[in-house]
Every structure is written in structure tokens, then in C-alpha cells.
Amino acid sequence: MLYIANWKMNMTLQKVKDFCNELNKHAATESHIIICPSFVHIPYVTQTLKDTAHFVGAQNCSPHNNGSYTGQVPGVMLAQLGCTYCIVGHSETRVAYVQTDELVAQSAHQLLAQNITPIICIGEPTNIQQTNTYAVLEHQLEPIIKMLSQTEPTTIVIAYEPVWAIGTGTTPTIPYIREVVTWIKNHTALLTQHTIKIVYGGSVDEQNVQELMHIQNLNGFLIGGASLDFQKFKKIVGLK
Ligand code: PGA
């Protein structure tokens with residue numbers, strides 16, 4: 001299972017150090033842990049985790065390679081820092097940076113060119129009928145599928161994150177998540193040359209993860225708030 005910690009714009013350098021120290025005390029497990037700190041903390045985390053079985057990701061990537069894009073960071077710079085994963089199209093960055101579905105696909109493409117695995121977030125904005133959910137997801141996936149159908153075999157992660165479940169303490173029901181995950185799997189089934197992993201995100205915590213982890217075809221979790229506290233994260237991942 002993948003356990004992706006999305007720290008968002010949280011953690012001081014001291015908290016990052018304490019978290020990494022704790023993480024390093026635990027032997028490698030079968031869990032695949034990916035820590036996504038803010039850009040400025042990436043060098044510290046990659047350096048600290050470099051001899052471990054854990055991975056480091058960024059939280060966003062520019063759709064461009066270089067140029068006059070103040071405040072943006074391209075895939076090539078993330079690769080130089082040792083990132084092997086990067087979240088793209090998170091609902092918070094879609095809003096803050098006016099990222100269209102096409103730009104999200106372009107960012108994912110930039111990452112793949114650097115051998116960085118994109119973690120592509122999709123999800124419906126409100127708790128609406130499932131038919132609308134699929135229309136939203138289909139629209140969000142369209143440029144991604146087009147881009148992937150023209151690229152070499154690779155691995156990508158699709159994070160199903162219903163926006164209404166992020167940071168709210170509310171999750172969809174297990175049958176609902178199961179149905180959406182199955183729909184994503186079927187909808188991307190023609191991309192047989194690629195390995196596509198599907199994770200769920202939105203108010204995952206140390207309590208609900210036990211039930212969520214049995215959902216068929218689900219390969220892991222994207223964890224926000226509960227990943228900031230090492231003790232909670234440890235319980236979610238099942239570290240001894
Ligand atoms: P949350 O955030 O776990 O705090 O709901 C998840 C996310 O935004 O990736």
C-alpha cells in the first residue's frame with residue numbers, strides 16, 4: 001500500500017526534523033511511504049531519508065519547463081532535489097493556481113519526462129449524485145488519458161479525493177468509494193501499457209483507515225491533516 005503524506009503548507013523545519021528522526025527509527029515495512037513536504041523542506045527530507053526505503057514527493061509542479069513563471073517550480077528542479085513523486089491537480093492548487101485539467105495533464109507530462117511519478121488528484125467538488133461525480137471525473141481524466149496514450153510505459157498514481165471530504169472529518173461510505181475506485185480502474189483500463197495505482201484521500205485517519213484499506217482495487221491513501229502528527233501517521237501506516 002502507498003501512504004502519501006501531504007503536509008501542505010504546514011510544519012516548521014524543527015517539526016520536519018523531529019518527524020524524520022522518528023520515521024528513521026522504524027525499520028522498513030511493506031508499506032510504501034511518500035513524504036510530500038513544502039518545497040523549501042524538500043532538500044532536508046531527501047537528504048535525511050536517502051538511505052531509507054521511503055520516498056519524497058513535491059506538492060505541485062509547473063506545466064512549464066523553465067521561463068518567466070514567478071513562484072513556480074518545474075519537474076526538472078524537483079528531480080535535481082531527489083523527488084521521485086509529485087502531487088498534481090490537488091483541489092487546493094487547482095483553485096490557487098487556476099489549473100485547468102489540461103494544465104494538470106501538462107504538469108504530469110513534465111514530471112514523467114523527469115522520471116517522477118505523478119500523483120494526479122481528481123474528485124467531485126460537492127457531495128452530489130454519483131452520476132455527476134462520474135461526469136466530473138471523466139472530464140478531469142480526459143486530458144490525462146490522452147497524454148498517457150502517447151507516452152512510454154510508466155507508472156502513475158490517481159488520487160481520488162472528493163473535495164467535500166478534504167479536511168472535513170467526513171468520508172464517503174465504503175460502497176461509494178469502492179464504486180468510484182472501480183469506475184476509475186475500468187475507465188483507465190485501455191491504458192494497458194501503464195501501471196495505474198489508485199489511492200483515496202479525504203479525512204483519512206488512524207481510525208477509518210482500518211476499514212478503508214479493504215476496499216477492492218485501492219492501492220493506498222493520500223493523507224493530509226493526520227500525516228502531520230507522527231504518532232497518528234505511524235498508526236495509519238501500521239509501523240511497529
Ligand atoms: P485531509 O487532506 O487528509 O486533511 O482531508 C487530504 C488532502 O488534501 O490531500
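Q: Two strands count as paired once DSSP finds at least two bridges between them. What makes strand E3 (residues 55–58) and E4 a pair?
A: In this predicted model, two bridges join E3 to E4, and the strands run parallel. The cut-off is at least two bridges, so E3 and E4 pair. At this pairing, Ala58 stands opposite Cys86 in E4.

Q: What makes E4 and strand E5 (residues 117–122) a pair, and which residue is the bridge partner of Cys86 in E5?
A: Four bridges join E4 to E5, again in parallel. With at least two needed, E4 and E5 therefore pair. The partner of Cys86 in E5 is Pro118.

Q: Which way do the residues of strand E4 (residues 85–88) point?
A: Tyr85 and Ile87 point one way, Cys86 and Val88 the other, and all are buried.

Q: In what order do the eight strands close into a barrel?
A: The order is E1-E2-E3-E4-E5-E6-E7-E8, with parallel pairing. Neighbouring strands of this sheet are turned by 25 degrees against each other on average, direction ignored.

Q: Why is His194 called buried?
A: Its relative accessible area is 8%. Buried means under 20%, so His194 qualifies.

Q: Where is His194 found, and which residues is it in contact with, leaving aside neighbours within four places in sequence?
A: His194 is in the loop between helix H7 (174–187) and strand E7 (195–201). Its contacts are Leu148, Thr151, Glu152, Pro153 and Thr154.

Technical notes: Residues numbered from 1 in each chain as written. Predicted model: local features only at pLDDT ≥ 70, side-chain atom pairs only at ≥ 80, totals over all residues. Heavy atoms only, no water. Buried < 20%, exposed > 50% of the residue type's maximum accessible area, 1.4 Å probe, protein only. Contact = heavy atoms within 4.5 Å. Axes fitted to C-alpha atoms, helices over the stretch in contact; angles between N-to-C directions.
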